[in-house]
Amino acid sequence: MHLIEVRDEAHVEILRQLRNECREFMTHHNKYISPRQQTAWWKKVRNDPDHRLYLLSMVGEHVGFGYLRKFGNPPNVHWWSTYGLAKKWRGVGFGVELVDRLLRTVGNEEVWADVLRSNKPSIRILRAFGFEDARGQTTNDRLIVLRRKCGDSRHHTH
Ligand SMILES: CC(C)(COP(=O)(O)OP(=O)(O)OC[C@H]1O[C@@H](n2cnc3c(N)ncnc32)[C@H](O)[C@@H]1OP(=O)(O)O)[C@@H](O)C(=O)NCCC(=O)NCCS
């Protein structure tokens, strides 16, 4: 199992399919993404270092995706994270693998995530990696905003 960076058109298409498979769990933009929309978006972000896109891959198969979007400049960098697994790979522990690998790519920088309150597996994983409620941020009865503070690279306790 490893995390690979999305670099070419073939990867971008796999990312699109995985993201569409996860769209009901996305917090803001959860509409279906067409190949054409994906291509237009990729043109905008492909050379932007503030967008980091990954696939979680096993031999011959891509099982999930991760997306980190950077805001701010040092020392106030924070990343927003989104991720998901293909349906058939959920419920067997790969979510932990995915989040672990994504967090390693940002080292000690702060990471934020907003999650549907109903998404218990995702919330459980983030909390296990040290994410806490981001007080004062937009939380409502539908969404919770979590953050892992700078320097808190504690690992889960499974
Ligand atoms: C969210 C997601 C990444 C989680 O990964 P996963 O490998 O399927 O997660 P698991 O089934 O291993 O569950 C993770 C943890 O939550 C726990 N859990 C699962 N369902 C739960 C529930 N209904 N209530 C409480 N805990 C629950 C599991 O027991 C596990 O905890 P443990 O490791 O301490 O036993 C994956 O389900 C997914 O891709 N979902 C669709 C997309 C998505 O939601 N992305 C995140 C958007 S923020």
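The model is predicted: local features need pLDDT of at least 70, side-chain atom pairs count only at pLDDT 80 or more, and totals for chains, interfaces and linings use all residues. Residues are numbered from 1 along each chain as its sequence is written.

**The sheet**

- Seven strands form an open sheet with mixed pairing, in the order S1-S2-S3-S4-S5-S7-S6.
- Strands (E, at least two residues) and helices (H or I, at least four) are DSSP runs, numbered from the N terminus.
- Two strands pair if DSSP finds at least two bridges between them.
- Strands of a sheet pair through backbone hydrogen bonds, either parallel or antiparallel.
- Strand S1 (2–5) and strand S6 (132–133) are the edge strands, and each pairs on one side only.
- S4 and S5 pair in the parallel sense over three bridges.
- His78 has Glu110 of S5 as its bridge partner.

**Helices on the sheet**

- H1 lies across strand S2 (51–58), S3 and S4, and runs at about 90° to S3.
- H4 packs on the sheet, where it touches S5 and strand S7 (143–148). The direction of H4 makes about 160° with that of S5.
- Contact here means that the C-beta atoms of two residues, placed from the backbone, lie within 7 Å.
- Axes are lines fitted to C-alpha atoms, for helices over the stretch in contact, and angles run from 0 to 180 degrees between N-to-C directions.

**Helix against helix**

- Helix H1 (residues 9–21) and helix H2 (residues 35–45) pack at an angle of about 120°, with their axes 10 Å apart.
- H1 and H2 are therefore oblique to each other. Angles under 35 degrees count as roughly parallel, over 145 as roughly antiparallel, 65 to 115 as roughly perpendicular and the rest as oblique.
- Val12, Glu13 and Arg16 of H1 meet Pro35, Gln38 and Trp42 of H2 in the contact.

**A cis peptide bond**

- Pro74 and Pro75 are joined by a cis peptide bond, with omega about 5°.
- Pro75 sits in the loop between strand S3 (61–71) and S4.

**Around the ligand**

- The ligand is surrounded by 19 residues, and the closest are Phe25, Gly84, Gly95, Lys120 and Pro121. A residue counts as near if its C-beta atom, placed from the backbone, lies within 6 Å.
- Strand S4 (78–85), helix H3 (94–106), strand S5 (110–116) and helix H4 (120–128) each give two or more residues to this shell.
- H4 gives the most, with five residues.
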